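Hi everyone, thanks for coming. Let's have the sequence and the structure up on the screen before I start.

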Amino acid sequence: IPAEAKSTLDLSTPSTYNNGCHLSFNKTWPDHACVFGDPKGKKTIYLVGDSHAAQWFEGVNQVAKQSHLKLVSITKSSCPTVLIPIIRNHKVDSSCSHWQKGIISEINLHKPDLVLMSAYSEFIYETSLKGDYVQNWRNGLGDFLSQIGSTRVAFLGDTPHSPINIPSCLSTKKSCDFPLTRTNTTNATMEIFGVNYIDTASWLCSSKCPASSGGINNYRDATHISVSASKRLEPQLKKAITSLL
């Protein structure tokens, strides 16, 4: 029997999906403060971005609690911290652009010690822009970063994209590991951030990406890591975050 056959399937979503701090498509801002970690912590970190930022919440929150950091997490579905006009239902998603402006104002107002952002760079968002997608992404990322001035920003590298839904595959007891690939958008993001790019793919994959670790699925679908994987990677997150503070 392949090792995957013994997997326990964790299909849960990060707790921010239920507490109003991960925003759905039409919502532009949380109704209440989204403070986690150690609320009295002397240093403050922000976690911002689309659902590929939210997938790291549980691990980052564990780090923040243990290291006495105040964590503010405000994320939004299908809305990256990249100033490009995202098309949703055949029109520009105005709730996304409102949220992006809100995040910029929030960061500029509170000047946290570190902003952790992530985005679905292994995907091509539909946008209203013409021309080369990677160049538009570069420009949009540059615009976002230039608007938050001197705040230190690190990018939690996007998780490798599986060609299949991992839990569905694991439930059929096949081997569900997949090869590590990277898009040009991810490579461009890596280049822009340099030493402030946190290569999370190296935590999850070698040349192949295992579908499960320690008997628990690494992904909750084809593209988001499971809550269990986020928590399991807490030591790597801790090392990366504390080295940036």
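Here is something to look for: leaving aside its neighbours within four places in sequence, which residues is T159 in contact with? While you search, some ground rules: this is a predicted model, where local features need pLDDT of at least 70 and side-chain atom pairs count only at pLDDT 80 or more, while totals for chains, interfaces and linings use all residues. Residues are numbered from 1 along each chain as its sequence is written, and side-chain values use heavy atoms, with hydrogens and water left out.

Now the reply. With those sequence neighbours set aside, T159 touches H52, Q55, W56, E122, R182, T200, L204, Y219, T223 and I225. Contact here means heavy atoms within 4.5 Å. T159 belongs to the loop between β8 and α5 (166-171); helices (H or I, at least four residues) and strands (E, at least two) are DSSP runs, numbered from the N terminus. Is T159 buried or exposed? T159 has a relative accessibility of 0%, so it counts as buried. For that word, the cut-offs on relative accessible area are under 20% for buried, over 50% for exposed, and in between for partly exposed, using a 1.4 Å probe and protein chains only.

T16 is another buried threonine, with a relative accessible area of 0%. You will find T16 in the segment before β1 (22-23). Beyond its neighbours within four places in sequence, T16 is in contact with C21, H22, F36, F57 and S73.

F57 takes us to helix α2 (residues 57-66), which is mostly covered, with seven of its ten residues buried. Those seven are F57, E58, G59, V60, N61, V63 and A64. Q62 also lies in α2, but at 25% relative accessibility Q62 counts as partly exposed. Apart from neighbours within four places in sequence, Q62 is in contact with K231 and E234. Q62 and T13 are 49 residues apart in sequence and 16 Å apart in space, C-alpha to C-alpha.

Next, some backbone for those of you who like torsions. Just after α2 comes H68, in the loop between α2 and β4 (69-76). H68 is not a glycine, although its phi is positive, at about 55°. H90 is also no glycine and has a positive phi, of about 70°. The loop holding H90 runs between β5 (87-88) and β6 (91-92). With a relative accessible area of 79%, H90 is exposed.

On to the rings. How many aromatic pairs does the structure hold? There are nine of them. In one, the ring centres of Y120 and F123 are 4.6 Å apart and their planes are at 10°, so this pair is stacked. The rings of Y120 and Y125 have centres 6.5 Å apart and planes at 85°, so that pair is edge-to-face. The rule: rings of Phe, Tyr and Trp (its six-membered ring) pair if their centres lie within 6.5 Å, with planes under 30 degrees apart counted as stacked, over 60 as edge-to-face and the rest as tilted. Together, ring pairs link Y120, F123 and Y125 into a cluster. Y120 and Y125 are both buried, with Y120 at a relative accessible area of 12%, whereas F123 is partly exposed at 33%.

There is a charge over a ring as well: R88 lies over the face of F25, 3.3 Å from the ring centre. The test asks for NZ of Lys or CZ of Arg within 6 Å of the ring centre and within 35 degrees of the ring normal.

Last stop, a pair of helices. Which residues of α4 meet α6? From α4 they are Y133, V134, W137, R138, L141 and L145, and their partners in α6 are N184, T185, A188, T189, E191, I192 and F193.

At 76% relative accessibility, S150 counts as exposed. S150 and N108 are 42 residues apart in sequence and 9.1 Å apart in space, C-alpha to C-alpha.
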